[in-house]
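Dear colleague,

Please find below the structure that I am handing over to you.

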Amino acid sequence: MILLGGCGRVTGLLDSVSLFHPVWAADGWVYYLREVTSTSGSGVAEVWRQRPDGSAEEPVLTRAPEVSTCEAGLFSFLFAGPGGDLGVGLECGWDETELLSYSPADKTFEPLASTRFLVDAALVHGADRGFVEAPRECGPGGIQLLADGKAYEFGSPVTVGGTTFNLSGGDTDCESTVLARSPAALGDRLFFITAPDSLGRLPLPPEVSPDDLTWHLTEWDVGSATARFVTELPGIADLAVSPDGRSVIAAVSSDHVGGVWSVDVGTGKKTRIADGARAHDPSFSPDGKRFVYVEGFKRLRFAKAR
């Protein structure tokens with residue numbers, strides 16, 4: 001176990017505050033990364049938490065823990081950890097990520113995985129396995145399996161809607177790879193977004209933006225190794241799957257459209273449930289009745305899940 005303590009940061013009147021990766025944890029708090037950038041240069045992210053009703057807000061971790069493989073790490077992203085605790089991703093140098101589980105009650109860390117550089121993680125609740133998003137030479141998005149403390153490439157391609165592609169991103173054979181991002185998992189069901197029209201075009205040339213592609217919410221059943229397109233999304237999105245698995249929240253942050261959509265997984269019907277310019281990083285409440293997301297990296301927004 002690793003013990004960690006700290007105190008808050010005093011900031012100037014002109015400092016810019018950015019928020020990232022809120023996680024609605026089992027203890028009822030919403031944890032998130034808070035980064036203060038001063039006029040003199042870049043800031044360092046800290047872990048804060050807030051009550052959903054706005055009655056309290058406080059710093060939790062003002063510096064990253066020192067672990068054997070990551071003695072000078074930085075907070076990179078948060079995710080739902082095993083057993084309702086908080087998952088923490090540490091950036092360790094240029095090409096390594098350490099995944100930890102943090103217990104707010106005990107103020108201790110437990111190691112989960114040590115992998116090459118990651119962008120996001122989705123653990124199967126209550127277990128040390130799941131899925132991660134990792135950039136590759138073929139493009140900025142690829143999905144990998146997480147098991148036994150390591151990230152692994154998918155062993156075989158995925159076929160969806162008659163199109164077969166490599167889900168993990170791949171360092172070679174870019175012709176068979178598509179962009180895949182934003183893993184969200186429940187049991188053996190993996191949800192992610194993918195752009196089928198990126199097949200054979202990776203890495204994307206400078207004149208083509210990911211916002212120019214057509215993105216689909218996709219469900220993959222790990223047990224049967226079958227996948228399907230659930231619905232087309234209006235842009236690049238971050239995902240969260242409801243605790244009952246019946247709906248997925250898609251927070252869209254593309255250049256030309258923003259907001260939050262609720263998607264019925266069974267029918268593919270999507271309903272816009274929150275407006276906004278740029279929506280990021282949704283997280284369901286433990287009972288699935290509400291969710292939180294970040295608007296424009298500046299503020300937390302709460303809404304009912306419909």
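Strand β6 (residues 74-80) pairs with strand β7 (residues 86-91) in the antiparallel sense, over six bridges. Strands here are DSSP runs of E with at least two residues, numbered from the N terminus, and two strands pair if DSSP finds at least two bridges between them. Opposite Leu-74 stands Glu-91 in β7. The two strands β6 and β7 form a hairpin with five residues between them, and Gly-83 in the turn has a positive phi of about 65°.

The model is a predicted one: local features need pLDDT of at least 70, side-chain atom pairs count only at pLDDT 80 or more, and totals for chains, interfaces and linings use all residues. Residues are numbered from 1 along each chain as its sequence is written, and side-chain values use heavy atoms, with hydrogens and water left out.

Strand β5 (residues 57-61) contains Val-60. The C-alpha atoms of Val-60 and Trp-48 are separated by 5.0 Å, although the two residues are twelve apart along the chain. Neighbours within four places in sequence aside, Val-60 is in contact (heavy atoms within 4.5 Å) with Tyr-31, Val-47, Trp-48, Arg-49 and Tyr-102.

I turn next to the pockets. A pocket is defined on a 1 Å grid over the protein atoms alone, as an open set of points where a 1.4 Å probe fits, with protein on both sides within 12 Å along at least five of seven lines; lining residues have an atom within 4 Å of a point. Grid points are joined across faces, edges and corners, and a volume is the space filled by probe spheres set on the points.

The largest pocket holds about 780 Å³ of space. It is lined by 35 residues, of which Ala-80, Ala-240, Val-241, Ser-283 and Phe-284 are the closest to its centre. Strands that each supply at least two residues of this lining include β2 (16-24), β10 (120-123), β20 (237-241) and β24 (279-284), while β16 gives the most, with five residues. By class, the lining of the largest pocket has 23 nonpolar, eight polar and four charged residues. In this division Ala, Val, Leu, Ile, Met, Phe, Trp, Tyr, Cys and Pro count as nonpolar, Asp, Glu, Lys and Arg as charged, and the others, Gly among them, as polar.

The second largest pocket holds about 480 Å³. Of its 22 lining residues, Phe-20, His-21, Val-119, Asp-281 and Phe-297 are the closest to its centre. Here β6 gives the most to the lining, with three residues. The lining of the second largest pocket divides into nine nonpolar, six polar and seven charged residues.

Strand β16 also belongs to an open sheet of four strands, in the order β16-β17-β18-β19 with antiparallel pairing. Because β16 and β19 (226-233) stand at the edges with a single partner strand each, one side of each is left without a neighbour in the sheet. The partner of β16 is β17 (residues 189-195), paired over six bridges, and Ala-185 has Leu-190 in β17 as its bridge partner.

Finally, rings of Phe, Tyr and Trp (its six-membered ring) pair if their centres lie within 6.5 Å; planes under 30 degrees apart count as stacked, over 60 as edge-to-face and the rest as tilted. By this rule there are six aromatic pairs. The rings of Trp-24 and Phe-302 have their centres 5.6 Å apart and their planes at 90°, so this pair is edge-to-face. The pair links strand β2 to strand β26 (residues 299-304), with Trp-24 and Phe-302 lying 278 residues apart.

Yours sincerely
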